[in-house]
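I am starting a notebook on this model.

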Amino acid sequence: MQKLRGALIGCGFFAVNQMHAWNDVEGAVIVAICDRDPERLAAVGDQFGIARRYADAAQMFADGGFDFVDIATTVQSHRALVELAAAHKVPAICQKPFARTLSDAKAMVAACRTASIPLMVHENFRWQPPIQAVRKALDAGAIGEPFWGRFSFRSGFDVFSGQPYLAEGERFIIEDLGIHTLDIARYILGDVKSLTARTLRVNPKIKGEDVATILLDHEAGATSIVDVSYATKLGTEPFPETLVELDGTEGTIRLSQGYRLEINNAAGTTVTDVSPKLLSWASRPWHNIQESVFAIQQHWSERLRDGGETSTSGADNLKTFALVEAAYESAASGSPVEIGALL
Ligand code: NAD
Ligand code: 89Y
């Protein structure tokens with residue numbers, strides 16, 4: 001089997017995980033990298049033994065010689081880089097947050113559709129082993145029809161030292177982290193009809209909101225709460241665990257801190273340890289995220305080969321991104337927002 005050749009743009013904090021994961025992915029290999037910062041380009045190029053290095057993405061596309069591009073830059077450059085990929089008819093993966101605005105995100109999906117190229121958003125949290133275990137239990141009918149859920153991420157972990165830009169934006173936790181939690185809510189309970197949100201900024205050293213509480217009305221009838229915080233100081237720091245509570249017609253699921261999955265139904269109670277693996281290159285506490293990076297990239301490699309649609313395609317991600325926009329709109333106005341009107 002000939003390997004798919006990839007090019008990665010953006011050799012920053014998170015891209016190192018993506019590079020490690022590409023080394024482990026079956027059927028794909030990174031052949032070129034790009035970063036406008038020469039130090040970061042050199043560091044990643046040397047660490048992963050990549051000879052083809054570019055300071056300019058346009059030049060890298062002009063030279064070609066790769067089957068897909070993995071865009072690992074921050075959001076400001078996503079639209080231009082996805083459109084560049086579309087112009088060169090190169091299938092693209094784009095990191096979250098997909099775009100600066102929903103209208104940019106729609107334009108990016110349209111550009112790739114017109115160019116007939118696959119586009120996947122690197123929305124990896126639904127690929128975390130504990131979240132996959134919850135999905136599997138629901139699919140197996142363990143609790144019947146879910147009618148209520150809570151998706152909770154509450155932490156006091158210092159994310160600003162690795163990602164200083166997170167302290168500087170007008171928007172913080174919903175756009176950066178809540179976007180994953182909202183995606184998990186969609187993945188587990190389906191698309192959303194309307195939402196209501198409240199936000200707070202507790203940490204005086206940052207610009208954006210670091211606490212958000214969001215009430216979701218799912219199209220299938222369930223109600224859920226997405227609550228996220230980076231201002232929560234707990235005895236045992238849970239970063240980066242998403243805790244899940246689901247009540248269904250036949251039972252309940254609880255994914256609690258320490259990767260403990262409890263299922264209660266007429267057959268009794270089962271408790272399973274759904275801890276992620278510690279991949280050879282991974283480090284705690286990031287290993288849960290790191291394993292999901294490997295999983296989503298393996299998924300991409302398989303779908304690109306068989307022509308199937310990815311779980312977090314650009315089109316799918318518009319529905320998650322709309323929840324982010326709606327949450328900010330609702331927090332500003334104090335009123336519920338209808339999602340259909342945004343899409
Ligand atoms: P970073 O600032 O550390 O790295 C981004 C790199 O991209 C920088 O080295 C910068 O020089 C380069 N860059 C920017 N624009 C460029 C362009 N047009 N051409 C070439 N190089 C360019 O950022 P980061 O912390 O690595 O985050 C990158 C993205 O990953 C963000 O969107 C962030 O939200 C996301 N992220 C995702 C996860 C996840 O679990 N999915 C986790 C952390 C970060
Ligand atoms: O950027 C964020 C993400 O996507 O996962 C965790 C994170 O690194 C900090 O909130």
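In what order do the 6 strands of the open sheet lie? I read the order as 3-2-1-4-5-6, and the pairing is parallel. I note that the model is predicted.

Next I looked at the edges. Strand 3 (52–54) and strand 6 (119–122) each have a single partner strand, so one side of each is left without a neighbour in the sheet. From one strand to the next I find a twist that averages 25°.

I then checked how strand 2 (residues 28–34) meets strand 3. The two run parallel and are joined by 3 bridges. Opposite Ala 32 I find Arg 52 of strand 3.

Helices came next. I see helix 2 (residues 38–48) packed on the sheet, where it touches strand 2 and strand 3. The direction of helix 2 makes about 165° with that of strand 3. Helix 8 (residues 287–306) lies across strand 1 (4–9), strand 2, strand 4 (68–71), strand 5 (92–95) and strand 6. I get an angle of about 175° between helix 8 and strand 6.

Which residues are closest to ligand 1? They are Phe 14, Asp 35, Lys 96, Asn 124 and Tyr 165, out of 25 residues that surround the ligand.

An N or O atom in the side chain of Tyr 165 is 2.7 Å from an oxygen atom of the ligand. For Phe 13, a backbone N or O atom lies 2.9 Å from a ligand oxygen atom. A polar side-chain atom of Gln 95 lies 3.3 Å from a nitrogen atom of ligand 1. Taken alone, ligand 1 exposes 860 Å², and I note that the protein buries 90% of that.

Notes. Residues are numbered from 1 along each chain as its sequence is written. Chains are lettered from A and ligands numbered from 1 in the order in which they are written. This is a predicted model: local features need pLDDT of at least 70, side-chain atom pairs count only at pLDDT 80 or more; totals for chains, interfaces and linings use all residues. Side-chain values use heavy atoms; hydrogens and water are left out. Two strands pair if DSSP finds at least two bridges between them. Helices (H or I, at least four residues) and strands (E, at least two) are DSSP runs, numbered from the N terminus. Axes are lines fitted to C-alpha atoms, for helices over the stretch in contact, and angles run from 0 to 180 degrees between N-to-C directions. Contact means heavy atoms within 4.5 Å. A residue is near a molecule or strand if one of its heavy atoms lies within 4 Å of it. A polar contact is a pair of N or O atoms within 3.5 Å; within protein, one must be able to donate a hydrogen and the other to accept it, and residues adjacent in sequence count only if both atoms are side-chain atoms. Accessible areas come from the Shrake-Rupley method with a 1.4 Å probe; for residues, only the protein chains shown count as cover.
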